[in-house]
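Welcome! Please take a look at the sequence and the structure first.

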Amino acid sequence: MMVRPRWVAALLLALGVAAAFALLGHWQLERAIESGVVVERSTEQVKPLAEVAQPDGGVTQIATGQMVSADGTWAPGDETLITTRFNGGVEGFWVVSHFQTDAAVSIAVARGWAADKAGAQAVIDDLQTEPEDTPVTITGRFLTGEAPELPDPQGDSMELTKVAPSALINLWADFTDESVYSAYIVAASAPAGLDVIDSPVPQVDQSLNWLNIFYAIEWVVFAGFAVFLWYRLVRDALEREQEQAELELAAASTPSTGT
């Protein structure tokens, strides 16, 4: 039965389907292994900001956490207080400033942390009296901007708890339609009156993608099922032929009755 042309063709078809399923399983397994490969990044090697990311766009995973440097000036009066920020497990406040690079691109910079609001506000007042257009070079960790927050109906609607560039640009004076990074920098040093913000080295995720491994196993099972289905169809066809032959033999051995 198996060597009949019909079933040989069916076997070739089943093997082709099984091979396609096996290739899909191999692809899923490769994806799972690739997701578990650790990509070595020199995040602590300071790189120019313009080499790490481009403004007016998203932030890549490789760029997130990279130590960067940029030349430019502080935008006068564009300091913002960010509440509910923890430093060493202690809740406090961040002072975030508007920095304009020499390429006329804006980016938010978290300058430092204070344990109390009055102390943070005093630093903001001091920063706003500094000379304008003074060239500076900043160094810090480049991080993805946080999602804008919804106002708390029970709290102060003017308080921010997230470093969201899309919300900060609405508070910056004289900001029109210039380029801006959808990220921010945590400064490596802090002005007088503020503590340096904790900015640990990014942790690398080394876990395998178990969902892809599960899919790979599924494709292997499907490949085996394609061959099994062919075997089952051949067996059913053989059993039907045997049953038909037995019926014909029984009919031939039964004596006929005459009138």
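Which residues are buried in helix α3? They are Ala120, Val123, Ile124 and Leu127, in a helix that spans residues 117–127; buried means under 20% relative accessible area, exposed over 50%, and partly exposed in between, with a 1.4 Å probe and protein chains only. These four cover an arc of only 100° around the axis, which puts them on the same side of α3; the arc is that of the directions from the helix axis to the C-beta atoms.

This is a predicted model, in which local features need pLDDT of at least 70 and side-chain atom pairs count only at pLDDT 80 or more, while totals for chains, interfaces and linings use all residues. Residues are numbered from 1 along each chain as its sequence is written, and side-chain values use heavy atoms, with hydrogens and water left out.

**Around helix α3**

- Helices (H or I, at least four residues) and strands (E, at least two) are DSSP runs, numbered from the N terminus.
- The buried residues of α3 pack against β2 (67–87), β3 (90–101) and β4 (106–114).
- On the face turned away from the buried side of α3 you will find the exposed residues Ala118 and Asp126.
- Where α3 starts, a side-chain oxygen of Asp116 comes to within 3.4 Å of the backbone nitrogen of Ala118.

**Strand β4 and its partners**

- Nine of the nine residues of β4 are buried, so this strand is largely enclosed by the rest of the structure.
- β3 and β4 run antiparallel and are joined by eight bridges; two strands pair if DSSP finds at least two bridges between them.
- Gln100 stands opposite Ser106 in β4.
- The hairpin of β3 and β4 has four residues between the strands, and Ala104 in the turn has a positive phi of about 65°.
- With β6 (residues 180–187), β4 pairs in the parallel sense over four bridges, and Val109 stands opposite Ile185 in β6.

**Nonpolar cores**

- The largest nonpolar core has 17 residues, and Leu49, Ile107, Val109, Phe142 and Ile185 have the most contacts inside it; such a core is a set of buried Ala, Val, Leu, Ile, Met, Phe, Trp, Tyr and Cys residues joined through side-chain atoms within 4.5 Å.
- Two or more residues of this core come from each of α2 (49–52), β2, β4, β5 (136–144) and β6.
- β6 gives the largest share of this core, four residues.
- Apart from this core lies another, of 15 residues, among them Ile82, Trp113, Trp172 and Phe175.

Technical notes: Contact = heavy atoms within 4.5 Å. Polar contact = N/O pair within 3.5 Å; in protein donor to acceptor, adjacent residues only side chain to side chain.
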